[in-house]
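These are notes for a colleague who is opening this structure for the first time. Please read them with the sequence and the model side by side.

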Amino acid sequence: MTETMLIQLNGENVCLAVEPARATAPVWRHFGPPLGLFAPVWPLDAVRPPPPTVLDGDPPFTVLPTHGFGWFHHPALSGSRPGAQGDTDWAHDFRLDGMSREGDALLMKLSDPVAALAVTLSYSIDPGSDVVSAWAEVENRGETPYRLDWLAAACVPLPAQADRVLGFTGRWTLEFQEARETLGVATWRRDNRRGRTSHDSFPGVIVGTALDDDEGAVFGAHLAWSGNHTILIEPLTDGRRQLQLGEWLAPGEVVLARGERYRTPCAYLSVSGQGLNGLSAQFHRFVRTRVMNWPQGRMRPRPVILNTWEAMYCEHELGSLKALAVAAARVGVERFVLDDGWFHRRGNDRAGLGDWWPDVRKYPKGLTPLVDHVRGLGMEFGLWVEPEMVNPDSELYRAHPEWALKLAGRALVTGRNQLVLDLSEPAVSDYLYDSMAALLSGHSIAYLKWDMNRDLAAAGHAGRAAYRCQTLAFYRLLERLRTAFPDVEIESCASGGGRADYGALAYMHRIWASDCNDALTRIDIQRGFLRFFPPEAMGAHIGAVCAHTTGRRHSLPFRAAVALVGHLGLELDVRTLSDSEADDLRQWIALYKQCRPISHRGVLRQGHLGDALAWTQATLDDGRAAVLTVLRRREDTTRYPSPIPVKGLRRDLSYLVRVLSMPEAPYYTRHSDCLVAMREGGVEMSGATLMDLGVPVPPMPPESAVVVCMKVLDTQS
Ligand code: GLA
């Protein structure tokens with residue numbers, strides 16, 4: 001047996017290595033930390049002793065494992081060719097036709113001449129972030145149609161010792177809840193069939209040994225797709241596991257005619273040796289440099305938003321809105337967003353969707369007077385829309401009932417009193433494009449809050465399941481609007497965080513993480529969200545004292561500190577604040593403006609002490625400035641608060657450490673001298689001291705926050 005060279009793709013933190021094989025597709029030899037292996041190796045066949053009771057030529061784990069010839073695990077491709085005598089070509093045996101490098105990508109071309117299918121697999125590593133992009137494409141080379149059931153966008157091995165998984169679950173007002181489980185003998189699998197990214201099954205997963213915040217190897221994967229998905233992790237007979245992710249396809253959703261191809265959405269994967277924070281830092285860098293497309297190619301400082309929803313709901317009245325805008329401008333708001341309730345006959349959520357012109361009862365002279373007023377106050381104007389939907393009680397539906405997604409012979413299914421428009425119909429997309437274009441060209445609108453408030457059901461297009469074509473048509477519509485209005489920013493909202501994924505984020509500029517503005521609940525929502533998304537993409541609003549969705553009450557410092565790290569906004573009626581409350585809010589907004597150059601460009605670290613204390617540390621890449629936000633959820637039994645460990649500073653430099661906000665000392669104790677000094681002018685500490693001994697914090701009552709800023713003293717280089 002001769003030794004063979006592995007084909008490798010190497011990043012700084014990640015490496016893929018496959019072994020070319022004659023009898024199978026290329027064999028996975030490594031997906032993980034860098035190998036530093038440049039010598040030929042023994043082929044897998046020669047390394048593994050053949051176990052008893054397996055087939056002769058037991059197939060190894062390849063880049064495209066398929067069913068039918070001895071691979072008994074989940075296949076990376078499945079489908080069949082319907083025929084008069086039943087289905088054929090459900091068994092597959094792909095061989096390599098050729099491998100090539102195109103830019104950063106390794107392309108593997110495979111075919112199965114008997115099944116008359118050809119597959120291209122692409123893996124590439126972004127050198128700036130160490131995020132691997134992967135996609136797969138299948139072509140039907142047969143005479144008759146091929147019905148595709150599954151094609152994994154990525155199918156990679158995970159090491160046997162990585163047996164802890166961090167997945168996400170949730171619901172409306174409780175998105176991105178982390179669920180940690182131990183992997184066992186059964187397949188770990190999440191399917192989303194809701195037709196949009198969903199609140200309950202975020203298309204991302206993290207696997208590792210300990211899933212520690214800062215240490216140990218972790219693997220992360222995300223599917224950049226705003227429709228259905230499947231993620232699965234299955235144990236293999238050699239102790240490793242396979243991770244597959246791709247688009248979940250409804251039966252018959254993809255049937256390829258002769259010569260037709262199906263390309264999966266992109267999967268993004270990465271590996272870090274520095275725990276969850278190391279992994280997040282890589283994904284954040286990738287999103288910043290490769291996913292998001294900012295107007296003029298550059299992110300502007302994220303403007304403070306006031307969103308009218310919880311202040312007004314659908315009860316719009318021009319005078320009140322103008323007064324709200326004045327109050328907002330006074331506290332430092334930079335963008336005023338008019339939420340739901342402004343368009344034709346929209347008195348509540350039972351009517352109006354589809355009729356994208358102002359309600360004359362509320363806006364007799366259109367939106368211009370309000371837009372001008374807002375602009376006159378020095379703020380940008382933003383507008384809420386939900387283009388993909390129609391209420392049966394609307395002019396649009398009365399004129400075009402045939403435009404809703406439906407299944408012949410089946411009843412329509414409503415959700416929040418609305419139906420979904422069939423975006424694949426050119427007339428529908430054109431109508432929506434024209435409606436949005438009329439709004440955008442008729443007014444000075446800087447921002448759209450693009451909402452999508454229901455799951456897809458009874459969703460057919462020309463008899464087939466419409467999930468995939470709907471998602472693609474949604475992207476096309478966004479693309480068209482972005483091209484025509486390149487300066488307009490768009491927010492992705494779907495009843496809160498129901499459409500959070502890199503597919504949508506390629507066209508949009510932030511994600512409304514949740515309709516829950518309760519700061520306590522938000523801590524966990526944001527923690528999960530920030531695993532894959534950078535803080536500047538996270539809409540985070542200061543809500544009313546009494547949270548509308550939970551009824552819980554929180555102080556302004558706690559509500560503001562929780563929102564501080566993200567893209568800040570207000571979701572409250574600022575008109576009702578007393579002068580001193582407005583002053584306090586103004587100061588928090590000013591603080592956000594000071595912190596955003598750090599939190600929206602820097603490296604984010606998240607940490608926790610049990611479930612009592614959580615923190616985020618945003619640090620500039622060069623380590624010269626950092627903002628630490630410490631949040632206490634509930635009491636614990638320690639008598640002295642532990643200092644908070646920080647990282648990423650320069651050991652050799654001195655920092656001015658200032659407490660920007662902390663709770664008053666309770667009556668039974670006093671603040672330590674150090675903390676008093678940190679609050680009054682700040683204290684000087686070396687980077688080494690801060691990193692080795694941590695940042696001191698005061699006693700914190702439940703549901704309170706401390707914000708600390710660390711900046712290199714100016715006298716130093
Ligand atoms: C959804 C959004 C909210 C708000 C309402 C308006 O629920 O998540 O933020 O815009 O719609 O109807």
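**Notes on the model**

1. K362 is placed in the loop between β22 (335–338) and α5 (368–376). Helices (H or I, at least four residues) and strands (E, at least two) are DSSP runs, numbered from the N terminus. K362 is buried but has no salt bridge, and D359, the nearest side chain of opposite charge, is 4.3 Å away. Buried means under 20% relative accessible area, exposed over 50%, and partly exposed in between (1.4 Å probe, protein chains only). A salt bridge is a side-chain nitrogen of Lys or Arg within 4 Å of a carboxyl oxygen of Asp or Glu. As to charge, Lys and Arg count as positive and Asp and Glu as negative, while His and the chain ends are not counted. A polar atom of the K362 side chain lies 2.6 Å from the backbone oxygen of R346.

2. On the basis of these values: the model is predicted, local features need pLDDT of at least 70, side-chain atom pairs count only at pLDDT 80 or more, and totals for chains, interfaces and linings use all residues. Residues are numbered from 1 along each chain as its sequence is written, and side-chain values use heavy atoms, with hydrogens and water left out.

3. Which residues come nearest to the ligand? Of the 13 residues around the ligand, these are D339, D340, R416, K449 and D515. A residue is near a molecule or strand if one of its heavy atoms lies within 4 Å of it. The shell divides into four nonpolar, three polar and six charged residues. In this count Ala, Val, Leu, Ile, Met, Phe, Trp, Tyr, Cys and Pro are nonpolar, Asp, Glu, Lys and Arg are charged, and the others, Gly among them, are polar.

4. K449 has a polar side-chain atom 2.8 Å from a ligand oxygen, and for D451 the distance from a polar side-chain atom to a ligand oxygen is 2.9 Å. In W384, a side-chain N or O atom is 3.0 Å from an oxygen of the ligand. A polar contact is a pair of N or O atoms within 3.5 Å; within protein, one must be able to donate a hydrogen and the other to accept it, and residues adjacent in sequence count only if both atoms are side-chain atoms. The ligand taken alone exposes 300 Å², and the protein buries 95% of that. Accessible areas come from the Shrake-Rupley method with a 1.4 Å probe; for residues, only the protein chains shown count as cover.

5. How many salt bridges does a search of the whole structure find? The search finds 51. One of them joins the side chains of R240 and D238, at 2.9 Å from N to O. R240 counts as buried because its relative accessibility is 17%, whereas D238, at 36%, counts as partly exposed.

6. R468 forms a salt bridge with E247, with the closest N and O atoms 2.6 Å apart. R468 lies in helix α8 (residues 467–484) and E247 in the loop between β17 (241–246) and β18 (254–256), so the pair ties together parts that are 221 residues apart in sequence. Both R468 and E247 are buried.

7. R552 and D518 also meet through their side chains in a salt bridge (2.8 Å, N to O). The pair ties together parts 34 residues apart in sequence, because R552 is in the loop between β31 (538–543) and α11 (556–564) and D518 in the loop between β30 (510–512) and α10 (519–532). R552 counts as partly exposed at 32% relative accessibility, and D518 as buried at 0%. Salt bridges that share partners also join E178, R180, D524, R527, R531 and R633 into one network.

8. For S198 phi is near 90 degrees; S198 lies in the loop between β13 (188–192) and β14 (204–208) and is buried, with a relative accessible area of 4%. For E703 phi is near 60 degrees; E703 is in the loop between α14 (687–693) and β38 (704–712) and counts as partly exposed at 25% relative accessibility.

9. Is G103 buried or exposed? At 74% relative accessibility, G103 counts as exposed. G103 is found in the loop between β5 (95–102) and β6 (105–112).
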